[in-house]
Amino acid sequence: MAEPWWKTAVVYQIYPRSFADSDGDGIGDLPGVLSRLEHLSELGVDVIWLSPVYPSPWDDGGYDIRDYQDIDPIFGTLDDFDRLLAEVHRRGMKLIMDLVVNHTSDEHRWFAASRSAREDAKRDWYWWRPPRAGMAAGAPGAEPTNWQSFFSGPAWHLDEATGEYYLHLFSRRQPDLNWENPEVRQAVYATMRWWLDRGVDGYRMDVINMISKDPALPDGRALPGAPIAQGAEHFIGGPRLHEYLQEMHREVFAPYGERLLTVGEMPGVTVEEAQLFTDPRRGELDMVFQFEHVGLDQGASKWDLRPLDLRELKASLSRWQAGLADVGWNSLYWDNHDQPRVVSRFGDDTAYRVPSAKTLGTVLHLHHGTPYVYQGEEIGMTNSPFASIGEFRDIESVNHYAAAVAAGADPDDVLAALRAKGRDNARTPMQWDASPHAGFTTGTPWLPVNPNFVEVNAAAARADPDSVFHHYRRLIELRHTEPAVAYGSFTMLLPDDDRVYAFTRSYLGVELLVLANLSGVPAAVDLPGWDRAELVLGTHGTGGTGTLRPWESRILRRGAP
Ligand code: NOJ
């Protein structure tokens, strides 16, 4: 049987608000994306994943959707969307949408109906519950369960008008849909088909492992400072999750055959579960986003900063490589709109910005799985130097700061954590050139441009053959031309080395060796048998094994021509 097309594909994520502004309002839009497609064609990516462009009150960066079947006027119109899709297809690329159906916005008409009266026909489309037995609505601790919202505070909000609480795992403006109700599922499937019939090529599915909750809604085990919300054992990977995904696959995806790509975002998913979700025989998803590797530089929560131990990163990723080697498929990412910039996080964004960005790209792209590039990663964009809490826009950061400071934390410590991990780092405008506002807008950008745009920008990177951009372009090309990159088996080497990340990929007599020094000091490598191997791609032009310079990486090849 032919392998699915997405096994040789690379996906590029666009966060539209921050990508390119065509009309000077300071907010990116669809015509802006259209005007920058040449950048993506040159990079060579196969698929664009568009973060939400639907109408939204913008409480959570567009992940709070008011209408699933339209385009927010700040981004343009459905005609703009159709033009963009046609042009993406004309260039031989595909486009997948973000599917955000664990919750809607509180301004969605479904929720407006649901909250209007206890007797409303859509009441049961969301999770409504009375106060805890024996307690008055609104009293401290009267929430129906002790679950915590991912954005600080309880996961329940009291609706005064009807005297009941509704569940919101994220912001209180993001009420959770009740997937137990078959009408909800059918309504969601209908909107999904509507986009697929328009020509969309698949979905990235937001927190899709939270759609099935234990309907008894038990209290969560108290997990002081746990990295995921308290109560997660009752709403992550819930009892009917596989059933829902199989139903969705049967009723929505299957009729479109092999042309789609589906990737489920799954915080807290284990490799054993991921194998089930992505086993093609089960008809669920093509791949999932897992979070283990981006949780290694934290303690009790994402704000509890801890340095990365490279050996832990290697152990984690190699477990995922092994777990999905024969059944299922990995997705590979460092960055997205929720993560800080990888060159600032795991690399060195000062003295070694360019080689460390390249080397991190090499490591990721040479793993087995489908790589995702987040806008700006391909030019080595860095975290932004936010000066004060007033410069953050993201609800997660703003709420965390308020809650932590109210609980007695030192504001400077909280700010330091936001600077390192806050999601606004990923959302500063794309840096196109050295003109004012980095060529992102002619107006005032909704979030200030990182001041390093004069040096770090796409125009400069495209003009420089040694740039991070051209390195990413070569990595993507290699995946398209060297079957060992897409299909080769993965073997981790030197697992105990705390500076060098080394592994091989083997396929039909070809062997690739990846050597990467993830540190700012030279690192000696002793691996016999590779001295005459061909240098496929390196950061410093040096082949063989021997000593790697700071942040140097090499891809070597031996075996059949
Ligand atoms: C995951 C999304 O990536 C994130 O941006 C959002 O805040 C939550 N899901 C809620 O939709």
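A nonpolar core here is a set of buried Ala, Val, Leu, Ile, Met, Phe, Trp, Tyr and Cys residues joined through side-chain atoms within 4.5 Å, and buried means under 20% relative accessible area (1.4 Å probe, protein chains only). This is a predicted model, so local features need pLDDT of at least 70 and side-chain atom pairs count only at pLDDT 80 or more, while totals for chains, interfaces and linings use all residues. Residues are numbered from 1 along each chain as its sequence is written, and side-chain values use heavy atoms, with hydrogens and water left out.

**View 1. The largest nonpolar core, with Phe81 and Met97.** This core has 103 residues, and Phe81 and Met97 have the most contacts inside it. Its largest share, seven residues, comes from helix H5 (residues 182-198); helices (H or I, at least four residues) and strands (E, at least two) are DSSP runs, numbered from the N terminus. Apart from this core lies another one, of 28 residues, including Leu310 and Trp334.

**View 2. The surroundings of Met97.** Contact means heavy atoms within 4.5 Å. Setting aside neighbours within four places in sequence, Met97 is in contact with Phe81, Trp195 and Tyr203, among others.

**View 3. Helix H4 and its buried residues.** Trp110, Phe111 and Ser114 are the buried residues of H4. Looking down the H4 axis, they fall within an arc of 90°, so they line one face of the helix; the arc is that of the directions from the helix axis to the C-beta atoms. What do they pack against? Their partners are strand S4 (128-129), strand S6 (164-167) and H5.

**View 4. Zooming in on Ser114.** Ser114 sits in H4 (residues 109-116) and is buried, with a relative accessible area of 0%. Not counting residues up to four places away in sequence, Ser114 touches Asp120, Lys122, Arg123, Tyr126 and Trp128. Asp124 is ten residues from Ser114 in sequence and 7.2 Å away in space, C-alpha to C-alpha.

**View 5. Helices H11 and H12.** The axes of H11 (residues 395-406) and H12 (residues 411-421) come within 10 Å and cross at roughly 155°. Axes are lines fitted to C-alpha atoms, for helices over the stretch in contact, and angles run from 0 to 180 degrees between N-to-C directions. H11 is therefore roughly antiparallel to H12, a label for angles over 145 degrees. The H11 side of the contact includes His400 and Tyr401, and the H12 side includes Val414 and Leu418.

Methods. Buried means under 20% relative accessible area, exposed over 50%, partly exposed in between (1.4 Å probe, protein chains only). Angles under 35 degrees count as roughly parallel, over 145 as roughly antiparallel, 65 to 115 as roughly perpendicular and the rest as oblique.
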